[in-house]
Amino acid sequence: MTTDDRAVTRRRGAATYVFGALGGLLFGYDLGVVAGALLLIKKEFDLSPLAQGFVTSSLLVGCMVGALAASPLADRFGRRWLVLVSGTVFGIGSLIAASAANVGVIITGRVVMGLAVGALSMAVPIYLSEIAPARLRGALSGMNQLMISSGILIAYLVNLGLDHTGQWRIAFGLAVVPAIALVIGVYFQPESPRWLVKHGRAAEARAVLAGRNDADQVDAQFAEIQQVLAAGQTRSRIGALLRNRRVRRVLLIGVGIAFLQQVIGINTIIYYAPTILKTLGFADSAALIANAGLGAVTVAATVLMLFLVDKIGRRRPLIFGALSMAVAMAALGVVFFTAGLKGGGAAGWVAIIALAWFKISFSLSWGGMAWIMLGEIFPLSVREPAMAVSTFVNWAGNLLVGLFFPVLLAIGTGQVFFLFAIIGLVAFGFAIAVVPETKGKSLERIEQELVGVESPSVASAEAAR
Ligand code: BGC
């Protein structure tokens, strides 16, 4: 390859990762925008607390269904196709929500957006990790998390800008812009080479592999992918997932990572940081500005994670990140427990530092690492159902925390943060005990190490018997 060819290849590669990861922007924007929009919708439609709960949780329920429904579609029609369709559905959902004449239509729009976000959260990590060269896979697949945190930050800024105007329709409607960019951008990107091999489209798969940075290794990579499929089972089977002991173990690791990423408490911090800041004595607008500042810190920490992930790996950040988040939650617990908050003061500052500490720790570890690893650890033959189940559990965990956090707060804010500190310690132990290191290995190598090449076929043979 000449230097010019390499530059073109690199540019093409970069476009794939940026556009592929745009799905994360929709994910983040949607999560972030609802809190601000809800305050305005509540006033306009005079919503009951129950209706408010539906507006918030309808997205999450849509996400759970979308993640599960995505599995057969990603398998049958491909990752790229699924991202294209999900981007379109998301755009339609955001227009429904933005033009709604009553709360029922808003909720319908949010469910439609949720279906798309759920499918994207399942398909994007697979697409990015399957198309990235092994030595850069952490950073390239981690672009998804950079887009998620950027989407949340943009949503905060939109909320801040629209705060005095009452224009919640603009907040929902703006989501159509990244959706269009996603659809147009991904239309011009190639399909995942792993999916192409799985569907017998060898020549196309080779062309995509040759278009990546590590073109010199095309033959070896191609042979490796064929090898893991050669054992016979080329279609995803949920039966294979559950029958094979080693595949089952990998599924449990994935589900554990996905669930713990939520119940460690990140979204309580995201949803409730403004409220916590107000409790500390910040005025409404100052709380929103401080919250946007926290969002910016999160994006910066995520960029740092991209630089580190292929050097220090995934396992160590998961271990130390969990410990670090447990410390931050315990500090918040102490602050609230000692009830020294009312006037702000020293306790207030400790709380703000603990909030920032938590968000930075999450961004350097479980935030990106969870999605990166979910895209890496599952065997190709059962990647879609395994990813769908894990993604479903992640959204279910998100819903669970969202539903129960307010209830738990009634028991005592300090106690709740101590509970999250304990969950952080559980995540710490889980990462030490079961999480493998995947840095720098090809997906096929990871599969060999975790389940052995022949395992899925053994399961399929068992299933056929
Ligand atoms: C999580 C989301 C969270 C976001 C925060 C994602 O990895 O899945 O639940 O809101 O990170 O940046």
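Predicted model: local features only at pLDDT ≥ 70, side-chain atom pairs only at ≥ 80, totals over all residues.
By class, the second largest cavity is lined by 5 nonpolar, 1 polar and 1 charged residues. Here Ala, Val, Leu, Ile, Met, Phe, Trp, Tyr, Cys and Pro count as nonpolar, Asp, Glu, Lys and Arg as charged, and the others, Gly among them, as polar. Residues are numbered from 1 along each chain as its sequence is written, and side-chain values use heavy atoms, with hydrogens and water left out.

**Cavities**

Back to that second largest cavity: its lining consists of Leu31, Val34, Thr56, Leu59, Leu60, Arg110 and Tyr271. Helices α1 and α2 (49-76) each put in at least two of the lining residues, and α2 has the largest share with 3 residues. Helices are DSSP runs (H or I, at least four residues), numbered from the N terminus.

A cavity, on a 1 Å grid over the protein atoms alone, is a set of points where a 1.4 Å probe fits but cannot get out; a pocket is an open set with protein on both sides within 12 Å along at least five of seven lines, and lining residues have an atom within 4 Å of a point. Volumes are the space filled by probe spheres set on the points, with grid points joined across faces, edges and corners.

The structure has 2 cavities of 30 Å³ or more. Around the largest cavity sit 19 lining residues, and Gln145, Ile148, Ile152, Ile270 and Phe362 are the closest to its centre. The largest share, 5 residues, is from α5.

| Space | Volume | Lining by class |
|---|---|---|
| Largest cavity | About 220 Å³ | 9 nonpolar, 9 polar, 1 charged |
| Second largest cavity | About 30 Å³ | 5 nonpolar, 1 polar, 1 charged |
| Second largest pocket | About 160 Å³ | 8 nonpolar, 4 polar, 1 charged |

**The pocket**

At least two lining residues come from each of α14 (284-312), α15 (315-337) and α16 (345-364), and α15 gives the most, 5 residues.

**Two helix pairs**

The axes of α12 and α17 (residues 366-377) come within 10 Å and cross at roughly 160 degrees. Axes are lines fitted to C-alpha atoms, for helices over the stretch in contact, and angles run from 0 to 180 degrees between N-to-C directions. That makes α12 roughly antiparallel to α17; the cut-offs are under 35 degrees for roughly parallel, over 145 for roughly antiparallel, 65 to 115 for roughly perpendicular, and oblique for the rest. In this contact (heavy atoms within 4.5 Å), α12 residues including Ile253 and Ile257 meet α17 residues including Trp371 and Leu374. The contact divides into 11 nonpolar, 3 polar and no charged residues.

Helices α4 (residues 103-131) and α18 (residues 383-411) pack at about 130 degrees with axes 10 Å apart, which makes α4 oblique to α18. Among the residues that meet are Met122 and Glu130 in α4, and Arg383 and Trp395 in α18. This contact has 7 nonpolar, 3 polar and 3 charged residues.
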